[in-house]
Amino acid sequence: MRKCIVCHADLPEGAANCPQCGFQTTVPQFASGTEYEAWQQKAEQHKLQWKNKQKQSDTTENTAETTANQPTFSQNALREQQESQNIRQNALREDMPQQDEGKEHTEQPTFRQNAMAGDAIPGKQKKSGSAFKFVLIGGVVVVAIVISAALLLKGDSGPSVSDDNSSQNTIASQPDDLDTAAGTDDDSEQIAIILSERNDSTTAMEECAIATAEQAGYTMVSYDAQNDVNAQLELIEEAVEQGADAILLDPADADAAQSAVDTAGSIPLVFVNHAPSDMHILDAEQVAFCGSDEDTAGYLQGEYLASFCHTKGMSEIRYVLLQGELGQTSTTGRSAGVLKALEDNGIKATEASETVVADYGRRTAREVVQPLLAAGTKFDCIIANDDEMALGAIDACEEANIDPSTFPILGIDCTREGAEAVRDGKLTMTVFKNFEGIGKGAVQAAINLIDGDAANVYTSYDADESGESYSDSIVWVPYQTVNANNVTGYLNRE
């Protein structure tokens, strides 16, 4: 069953709006990225309104319950009056002649009076006259002695509460070797973002994460691991020591995700951009993922290519597949997704060459495609796991005097240069990966975990509907197909 993207309530079949929060339940099709972002902003505003409404409702219920359990003003006044009356009666009784032993005094307060005055033992006798005063004076002397001894021993008893607070503030202070820090108030709440490496895409993600954190009242501290797994683990330790309330991690190695979780300890950890190779790591408390479904990116490539084949009357296609770093979830998911889409659409796909690994690099892709062209390898299309490798293939074609617009070349990510290549007719299509949205959604997920909520509530993006045990720990930022018909909207994005 589908769920509402705002409140995650189950949606009846064919419902146009959510019966619980009223938001539009289907994602419209847009002609440009700008229109899609406008719809996302509308969804985000509706989610914030829904969250505030729920919190106000909870506050109202709690206030009503607290008020119901508190005594009224008249009850308090009655109790105070009764206590005063009991005190006067006891004082008078102490000055009266004592009765014979074994007889109760006629002015002894009743059980109800003792209960109203807070006496927990009904019928308990009061100390009389001088004995009572002696005990009272003795008690005061004992208390004074204890306090004096405590003051004398204070200097040897270790750090005081204020000393502890001072130590905590020192730990949370701004480190000197951080790459970026948005706001440096030692007492502010912090979210750390640790990049695997800094490039145009991750920088866009980082900048949007910083802006989102600042709007929510958090200081964002940024680190760059320079694609070093061990350095990344050390940076997680540093972020914990510096008092981070949550950590966003773009993992340098998806297989090392468990080590990252162990290093973060009890601090909320949100994987961004690249998911752990074992998604069940997200079953752990305070662990989440915000990114885009890599299988979907490849599947969109495959659907577009299948449509091209059907238009040309082709039922078979020979392809060159340029793969990124082997073992990364993006490489595996995108490669599998495109082939599955071709199969699902009745297209028989055959490799024109052995698997070509270009490690997400433009120069590497150009160098591995050049020999294929020189050898006269026959192929119908070039499929790349990202735009950088697709652009490298275009470079190789142009250097070999081959017009890249004469056959399909497909990329993913919709980088600035990728979008320009689509506009110029050199790149057939690409798939927009919303890195800004990933940065924003990751911060929203982190704040949810800090607040004790599930990661995927009150975000601007999609919940996971797989039904897996870790589904509520995933925030999906959707992909969008980009071609010559709608590329202008993506080129105009700020």
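Where does Asp359 lie? Select Asp359: its place is in the loop between strand 9 and helix 11. Helices (H or I, at least four residues) and strands (E, at least two) are DSSP runs, numbered from the N terminus.

**Before going on**

This is a predicted model, in which local features need pLDDT of at least 70, side-chain atom pairs count only at pLDDT 80 or more, and totals for chains, interfaces and linings use all residues. Residues are numbered from 1 along each chain as its sequence is written, and side-chain values use heavy atoms, with hydrogens and water left out.

Colour the chain by pLDDT, the predictor's confidence in each residue, from 0 to 100. The mean for the protein chain is 78, and 64% of its residues reach 70 or more. Select residues 70-74: pLDDT stays under 50 there, and the model has one contact beyond four places in sequence for them. Contact means heavy atoms within 4.5 Å. Next select residues 91-137, where pLDDT is also below 50. That stretch has 35 contacts in the model beyond near neighbours in sequence. Where pLDDT is low, the predicted coordinates should not be read in detail.

**Stop 1**

Return to Asp359. Its phi is near 55°, a positive value in a residue other than glycine. Most residues other than glycine have a negative phi. Asp359 counts as partly exposed because its relative accessibility is 42%. The cut-offs are under 20% relative accessible area for buried, over 50% for exposed, and partly exposed in between (1.4 Å probe, protein chains only).

Now select Tyr360. This residue lies in the loop between strand 9 and helix 11, and its phi is near 60°, again positive in a residue other than glycine. Tyr360 has a relative accessible area of 18%, so it is buried.

**Stop 2: Gly324**

Select Gly324, in the loop between strand 7 and helix 10. Is Gly324 buried or exposed? Its relative accessible area is 0%, so Gly324 is buried. Leaving aside neighbours within four places in sequence, its contacts include Asp359, Tyr360 and Met389.

**Stop 3: strand 7**

Show strand 7 (316-323). Six of its eight residues are buried. Which strands pair with it? Two strands pair if DSSP finds at least two bridges between them.

- Strand 8 (residues 348-351): four bridges, parallel. Find Ile317, whose bridge partner there is Ala349.
- Strand 10: four bridges, parallel. Leu322 stands opposite Ala384.
- Strand 9 (residues 356-357): two bridges, parallel. Gln323 stands opposite Val357.

Follow the chain from strand 7 through helix 10 (residues 329-344) to strand 8; this β-α-β crossover is right-handed. That is, with the strands pointing away from the viewer, the path from the first strand over the helix to the second runs clockwise.

**Stop 4: the largest nonpolar core**

A nonpolar core is a set of buried Ala, Val, Leu, Ile, Met, Phe, Trp, Tyr and Cys residues joined through side-chain atoms within 4.5 Å. The largest has 31 residues; Val320, Leu322, Ile382, Met389, Ile409 and Leu427 touch the most other members. Strand 7, helix 11 and helix 12 (387-399) are among the elements that give two or more residues to this core. Helix 12 gives the most, with seven residues.

Zoom in on Leu427. Leaving aside neighbours within four places in sequence, its contacts include Ala390, Ile394, Ile409 and Val422.
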